[in-house]
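Let's take a walk through this structure together, from its overall layout down to its aromatic rings.

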Amino acid sequence: MLWFDGCTPGNFCNAYTHGEEWLDQVREYIDENIAYVHDFLQKNMPEVTMSDTQGTYLIWLDFRAYCNDEKKLEKLMHESAKVALDEGYIFGDEGKGFERINMASPRSMIVECMERIHKALKPEV
């Protein structure tokens, strides 16, 4: 069997048996990222709402109050904000007007992403 990137059976065992502190730290960091986005939206873009994470590290941002055209929203994200999020429409009609963002990311990237979106929406919101 071939193993890559230090992913040996011993490392997996260590992660499962001794990784609780690390996991607690990761969960706290993700929760802080989620809180940051929530607060940022309330202060800067109250028209954009955020879904409950339901125990995951992914959040859905609802831009329908701003834009119901999923292609226009995608263009705004890519060309104006210069961010690449998961376009909601790729998950079906229910996702139109939404963007999905990964909260298991460095805080600096989350901050920059939100600031770019805010700047791109500012003339409209």
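Here is a tour that starts with the fold and ends with the ring pairs.

This is a predicted model, where local features need pLDDT of at least 70, side-chain atom pairs count only at pLDDT 80 or more, and totals for chains, interfaces and linings use all residues. Residues are numbered from 1 along each chain as its sequence is written, and side-chain values use heavy atoms, with hydrogens and water left out.

The protein has four helices and four strands, taken as DSSP runs (H or I, at least four residues, for helices; E, at least two, for strands) numbered from the N terminus. Their order from the N terminus is α-α-β-β-α-β-β-α. Of the 125 residues, 33% are buried, meaning under 20% relative accessible area, with exposed over 50% and partly exposed in between (1.4 Å probe, protein chains only).

Now for the rings: the whole structure holds three aromatic pairs, with ring centres within 6.5 Å and planes under 30 degrees apart called stacked, over 60 edge-to-face and the rest tilted (for Phe, Tyr and the six-membered ring of Trp). Trp-60 and Phe-91 have ring centres 5.1 Å apart and planes at 80°, so they pair edge-to-face. Because Trp-60 lies in strand S2 (residues 58-62) and Phe-91 in the loop between strand S3 (86-87) and strand S4 (98-102), this pair ties together parts 31 residues apart in sequence.

Trp-60 also pairs edge-to-face with Phe-98, since their centres are 6.4 Å apart and their planes at 80°. Phe-98 is buried, at 16% relative accessible area, while Trp-60 is partly exposed at 24%.
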